[in-house]
Amino acid sequence: MIKISSSVVMIFILVSITFIGCGKNENEKFQQAATLQQTGKYPEAISVLTELKDSEVDTIAAKARLSIGKLYQMQITPQMVGNSLLDSALVAYGSCYTDYPKTKFAEEALFLSGFVNANDLQNFTKATELYNKFLESYPKSPYSEAVKQELEVMGLTPEEILNRKIAVK
C-alpha cells in the first residue's frame with residue numbers, strides 16, 4: 001500500500017479549494033453582471049466584467065471581453081456617445097479574438113467586429129478585411145454564410161440589393 005503524507009493531502013485540498021473557489025467567484029461575477037444588465041445598470045455591469053477581462057483563465061477573460069464589447073455595441077452606456085461606444089466595442093472584440101483566438105468566444109468577437117464596421121460605422125474596407133479574416137479562420141462557422149452574403153451586398157442600398165436579386169433571376 002502507498003503511504004501519502006498528510007502534508008501532501010493538505011496541499012491537494014488547499015489547491016482544490018482555491019480552484020473551486022475561483023470558478024465559483026468568476027461565475028458569480030458573470031451572474032452579477034447579467035443581473036446588472038437586466039436592471040439597466042450597464043456601466044456597473046461593464047465594471048464587474050472588467051474585473052474578469054484579465055483573468056488567467058483564457059475562456060473567462062475572452063468571455064468577459066466579448067460581453068463588454070456587446071454592452072458597448074448596444075450603445076446604452078450614458079457616459080459615452082456615438083462612435084466612442086462602437087470604438088470601445090471594437091477594442092473589446094479585438095482583444096478577445098487577438099489575445100484568445102482558440103476560445104469559442106473569439107469567433108463571435110471577430111464576426112461582430114466585421115459587423116460593427118460594416119453596418120454601424122460603414123467602414124467597408126475594414127469590414128471586408130475582418131470578414132475575410134473570419135472566413136479564413138473559421139470556414140465552418142455557422143456565421144460563414146452570413147459573412148459571405150454580407151460581403152456580396154456590403155455598401156449597397158436596399159434598392160441596389162433588390163435590383164441585383166432581380167437581375168439574377
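What covers the buried residues of α4? I take this up below, after the basis of the entries.

**Basis.** I worked from a predicted model, in which local features need pLDDT of at least 70 and side-chain atom pairs count only at pLDDT 80 or more, while totals for chains, interfaces and linings use all residues. Residues are numbered from 1 along each chain as its sequence is written, and side-chain values use heavy atoms, with hydrogens and water left out.

**Overall fold.** I found eight helices and zero strands in the protein chain; helices (H or I, at least four residues) and strands (E, at least two) are DSSP runs, numbered from the N terminus. The order along the sequence reads α-α-α-α-α-α-α-α. Of the 169 residues, 35% are buried, where buried means under 20% relative accessible area, exposed over 50% and partly exposed in between, with a 1.4 Å probe and protein chains only. I also looked up contacts (heavy atoms within 4.5 Å): among those with a separation of 6 or more, 46% come from residues 24 or more positions apart.

**Helix α4.** I return to the opening question: the cover over the buried residues of α4 includes α3, α5 (104–120) and α6. Buried in α4 are Leu85, Leu86, Ser88, Ala89, Leu90, Ala92, Tyr93, Gly94, Cys96 and Tyr97. I then checked the length of α4 (residues 83–99): at 1.5 Å a residue its 17 residues should span 24 Å, and the end C-alpha atoms are 23 Å apart, which agrees. The expected span is 1.5 Å times one less than the number of residues.

**Ala89.** Leaving aside residues up to four places away in sequence, Ala89 touches Gly69, Tyr72 and Gln73. Between Ala89 and Tyr72 the C-alpha distance is 5.0 Å, although 17 residues separate them in sequence.

**α3 against α5.** Two packed helices are described by the angle between their axes and the distance between the axes. For α3 and α5 I noted an angle of about 20° and axes 10 Å apart. That makes α3 roughly parallel to α5. Axes are lines fitted to C-alpha atoms, for helices over the stretch in contact, and angles run from 0 to 180 degrees between N-to-C directions; under 35 degrees counts as roughly parallel, over 145 as roughly antiparallel, 65 to 115 as roughly perpendicular and the rest as oblique. On the α3 side, the residues in contact include Thr59, Ala62 and Leu66; on the α5 side they include Phe105, Leu112 and Phe115.

**Salt bridges.** I took a salt bridge as a side-chain nitrogen of Lys or Arg within 4 Å of a carboxyl oxygen of Asp or Glu. By this rule the count is seven.

- Lys29 pairs with Glu51 at 2.5 Å, N to O. Lys29 lies in helix α1 (residues 6–38) and Glu51 in the loop between α2 (42–50) and α3 (58–73), so this pair ties together parts 22 residues apart in sequence.
- Arg65 pairs with Asp54 at 3.0 Å, N to O. Arg65 is in helix α3 and Asp54 in the loop between α2 and α3, 11 residues apart. I recorded Arg65 as buried at 7% relative accessibility, whereas Asp54 is exposed at 52%.
- Lys53, Asp54, Arg65 and Asp99 are linked in a network of salt bridges.
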